[in-house]
Amino acid sequence: MGNALPSNLTFGIFDHLDENGCDIAEQYSDRLRLAEVCDDLGFYAYHLAEHHCTPHGRGPSPNLFLSSVAQRTRQLRVGPLVMLLPLYHPLRAFEEICMLDQLSGGRVELGIGRGSLPAELGYFGIGADAAPGCYAEASEILLNAMKGGTLSHKGEHFELSSIPLTLGPHQRPHPPTWIATNRPESARWAAANGANIACVGPSSSVRKVTDAFRAHQQDTGDQAPFRGLLRMVVIGASDLHACSLAASAYEHWLNSFKFLYDLNELQTPPNLPLTFDEAVESELCVAGTAASVRQTLLNQLEEAGANYLLCQLAFGSLPLDASLYTAATIQSEIMAQLG
């Protein structure tokens with residue numbers, strides 16, 4: 001491939017904050033250190049997933065953790081990817097996002113979604129049948145609240161009458177919004193509503209999503225929306241060294257991912273790579289030397305039609321120093337060379 005990439009290719013961080021074998025407080029401290037370094041290196045944003053009652057996510061309140069990230073950084077943008085709206089009253093969600101945007105000086109990237117595993121929502125009494133409608137209604141209320149004034153709504157799940165909105169976001173008219181999707185239909189909705197997208201999967205599959213997104217993208221004259229591609233990335237002194245680190249970490253990450261599936265005797269998603277080799281083959285993981293990782297990532301970004309790389313630098317049992325080395329190498333060998 002010729003690496004015909006957009007000139008505005010941007011790099012961010014994605015994190016599950018999945019259990020890594022350390023004490024939780026120690027892991028939080030390590031992640032804050034990683035965020036500080038990524039801020040200094042010029043990464044665009046730190047995106048944090050929301051999970052509950054599982055070692056797959058030690059950050060069940062993303063906005064709470066991100067408020068700490070915001071205080072430890074200067075330029076790095078922060079946001080949930082995604083905030084599970086069926087678990088929030090939309091008024092509470094609005095107020096939390098406003099607080100985080102004000103505390104960060106207008107650095108929030110707001111990801112919203114309904115969740116992918118019904119068991120997590122079920123622990124909060126939200127049934128699988130109710131989740132889609134609850135999410136659709138909550139997202140409508142949340143985005144309307146961003147306009148300010150008073151808030152009124154009457155629907156199946158929520159009823160609000162002339163609520164005074166005394167708090168507002170720092171960014172106007174509202175923080176950038178995101179959805180995580182692997183479906184062209186959802187990408188079309190995102191494009192029509194000015195949202196950014198984050199995708200995971202083989203580049204050829206992601207291309208169908210980004211093509212649908214671009215076909216329905218609104219020309220606002222501002223910065224082009226992000227078409228994000230998520231990859232676990234490990235760079236080492238040699239291919240063998242990097243793959244050894246990544247393979248061990250991936251096995252740990254996979255066990256955390258499967259925790260609720262195994263506990264509830266559910267089938268894991270058919271596209272979930274069950275070995276490190278499968279993770280590399282499916283393009284979820286990219287590991288190797290700086291040169292090999294650079295070429296692989298640029299090829300995948302080009303094929304996927306993406307303009308934003310969501311680097312998952314910390315996962316499973318990967319040591320902090322390995323994550324820091326990968327972050328620094330991405331900056332020096334990819335970001336700096338692309339200008």
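In this predicted model, Asp39 has a relative accessibility of 7% and counts as buried, because the limit for that class is under 20% relative accessible area. Its salt-bridge partner is Arg74, with 3.8 Å between the closest N and O atoms, and this pair links distant parts of the chain, since Asp39 belongs to helix α1 (residues 24-41) while Arg74 sits in the loop between α2 (62-72) and β3 (77-80), 35 residues apart.

A second bridge is formed by the side chains of Glu109 and Arg77, at 2.4 Å from N to O. Here too distant parts of the chain are linked, with Glu109 in the loop between α3 (90-103) and β5 (110-113) and Arg77 in strand β3, 32 residues apart. Glu109 is buried at 1% relative accessibility, and Arg77 is likewise buried, its relative accessible area being 13%.

The bridge between Asp211 and Arg214, whose closest N and O atoms are 3.3 Å apart, lies within helix α7 (residues 203-215), where the two residues are three positions apart, about one turn of the helix. Asp211 is partly exposed, at a relative accessible area of 37%, and Arg214 counts as partly exposed at 34%. Elsewhere, salt bridges with shared partners join Arg33, Glu36 and Arg72 into one network. In total, the structure holds 11 salt bridges.

Note on methods. Residues are numbered from 1 along each chain as its sequence is written. This is a predicted model: local features need pLDDT of at least 70, side-chain atom pairs count only at pLDDT 80 or more; totals for chains, interfaces and linings use all residues. Side-chain values use heavy atoms; hydrogens and water are left out. A salt bridge is a side-chain nitrogen of Lys or Arg within 4 Å of a carboxyl oxygen of Asp or Glu. Helices (H or I, at least four residues) and strands (E, at least two) are DSSP runs, numbered from the N terminus. Buried means under 20% relative accessible area, exposed over 50%, partly exposed in between (1.4 Å probe, protein chains only).
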